[in-house]
2 protein chains.
Amino acid sequence: MAELRLIEIREDILSDNQALAGQIREGLRAKRIFLMNLMASPGGGKTSLILETLKRLRGRFRMAVIEGDIDSQVDAEKIIREDIPAVQIRTGGFCHLDASMIEKALKELDLDGLDALIVENIGNLVCPAEFDIGSTRNVMILSVPEGDDKPLKYPLMFSVCDVLVVNKTDYLGMSDFDMEALKERVVRLNPGIRIFPVSCRTGQGIDDWAQWLAAEIEKTKQGGN
Amino acid sequence: MAELRLIEIREDILSDNQALAGQIREGLRAKRIFLMNLMASPGGGKTSLILETLKRLRGRFRMAVIEGDIDSQVDAEKIIREDIPAVQIRTGGFCHLDASMIEKALKELDLDGLDALIVENIGNLVCPAEFDIGSTRNVMILSVPEGDDKPLKYPLMFSVCDVLVVNKTDYLGMSDFDMEALKERVVRLNPGIRIFPVSCRTGQGIDDWAQWLAAEIEKTKQGGN
């Protein structure tokens, strides 16, 4: 019988990605730039949260946005209308961003003029959780209409995030979404996670979220993080 | 309004892949090794065709097989039981092989001792058609139970192949598969394609197919192709 040689592609890809993500994180830390990786399902409110956040922090920090999308640039167009620099990554079918894509996007930005970068990942609760993009902090949005059972179905995503933003709290009265049950499930997966209930539509809770983010950006500016 | 920068990931990936595939093809040509890229739907009969082909050609040529699979190595085990060298590429979820994966697999083989390599691609009629792997010839299998309408649904696959093997002809009497309609649809997409109706189960047509392949391997050995 001949010998069987085995090549594992996925592990190679994940470990190559991890190495590059580490380099990106170190490079940004040296420049004291904060990078937030924002993940959520499609329609969870990523672009809305970014726009609300920019409104509150743009006076205080120099910010830019990297928008990931499978095949459009409408989100990036919303950002540049606010006169914030944006890079659109069109993956053409890929369901997540990876470190090599972020490396390309960073080359399009004037990093010396920036304090903070927000990356809007592809709408997907699975693959983005596996691919480190060199972020300082990972943030996910769960929106109320998606249901309070999502931590059971997508445990990795809830585990890798520093913050969970629970968006669309204005829907809470209209659904059987159980916020306490959600928090319990999330904290069981990730005891250190911060949870901010917000509504991008009414503005409820956004100030608290923005205050947390501002403190993190400030920490990075001071050489911490 | 700020400026919008756009990064197209899919096109970058496809053009990087094309460049590497060209290098692989040139390298193999210099060593006079023939590489066949075998594509089909899951269950079309790729491994069966490879085993039948090896039976007929292994006395004449020094052959090896590269097996692509999402998450198993059963196909490669069937090959090494025939005492033919095999490399298993486990993609861990990816739906196609690409040139970089073939480059890794080639490093696992003693190329100086080989005349021909058969690559069994991932079972999928879509993405494998887009990724050149550096092959000398592309071959696809369509099996009778899949239906004669597949050229209408997967035109790119039928366009990039040099040969269409129509497998499982022993099912022809039991279905409304129209071989003439199929041929017409295929030739409209790809006038130069060769079509071999075969049955790996009964052996019908396999000799004709193997004869074509032997002639192509021979051409490569003589410095043609």
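Biologist: Start with A:Asp83. Why is A:Asp83 called partly exposed?

Modeller: Its relative accessibility is 45%. Buried means under 20% relative accessible area, exposed means over 50%, and partly exposed lies in between (1.4 Å probe, protein chains only). So A:Asp83 counts as partly exposed. This is a predicted model: local features need pLDDT of at least 70, side-chain atom pairs count only at pLDDT 80 or more, and totals for chains, interfaces and linings use all residues. Residues are numbered from 1 along each chain as its sequence is written, chains are lettered from A and ligands numbered from 1 in the order in which they are written, and side-chain values use heavy atoms, with hydrogens and water left out.

Biologist: Where does A:Asp83 lie, and what is its phi?

Modeller: A:Asp83 sits in the loop between helix 3 and strand 4 (86-90) of chain A. Helices (H or I, at least four residues) and strands (E, at least two) are DSSP runs, numbered from the N terminus. Phi of A:Asp83 is near 65°, a positive value in a residue other than glycine. In chain B, phi of B:Asp83 is near 60°. B:Asp83 has 44% relative accessibility, so B:Asp83 counts as partly exposed.

Biologist: What makes A:Asp75 and A:Lys78 a salt bridge?

Modeller: A salt bridge is a side-chain nitrogen of Lys or Arg within 4 Å of a carboxyl oxygen of Asp or Glu. For A:Asp75 and A:Lys78, the N to O distance is 4.0 Å. The pair meets the rule. Both residues lie in helix 3 (residues 74-81) of chain A, three residues apart, about one turn of the helix.

Biologist: Is A:Asp75 buried or exposed?

Modeller: Its relative accessibility is 11%, so A:Asp75 counts as buried. A:Lys78, at 34%, counts as partly exposed.

Biologist: How do you know that A:Arg60 and A:Glu218 tie together parts of the chain?

Modeller: Their closest N and O atoms are 3.8 Å apart, in a salt bridge. A:Arg60 lies in the loop between helix 2 (46-57) and strand 3 (63-69) of chain A, and A:Glu218 in helix 8 (residues 206-221) of chain A, so the pair ties together parts that are 158 residues apart in sequence.

Biologist: Which parts of the chain does the salt bridge of A:Arg10 and A:Glu130 link?

Modeller: The two side chains meet at 2.4 Å, N to O. A:Arg10 is in helix 1, and A:Glu130 is in the loop between strand 5 (116-120) and strand 6 (137-143), 120 residues apart. The structure holds 44 salt bridges over all chains.

Biologist: How many salt bridges cross the interface of chain B and chain A?

Modeller: The rule finds six. A:Asp12 and B:Lys104 form a salt bridge at 2.8 Å, N to O. Contact means heavy atoms within 4.5 Å. The contact takes 32 residues from chain B and 32 residues from chain A.

Biologist: What makes the lining of the largest pocket nonpolar, polar or charged by class?

Modeller: Ala, Val, Leu, Ile, Met, Phe, Trp, Tyr, Cys and Pro count as nonpolar, Asp, Glu, Lys and Arg as charged, and the others, Gly among them, as polar. The lining has 12 nonpolar, six polar and eight charged residues. The largest share, six residues, comes from helix 1 of chain B.

Biologist: And what is a pocket here?
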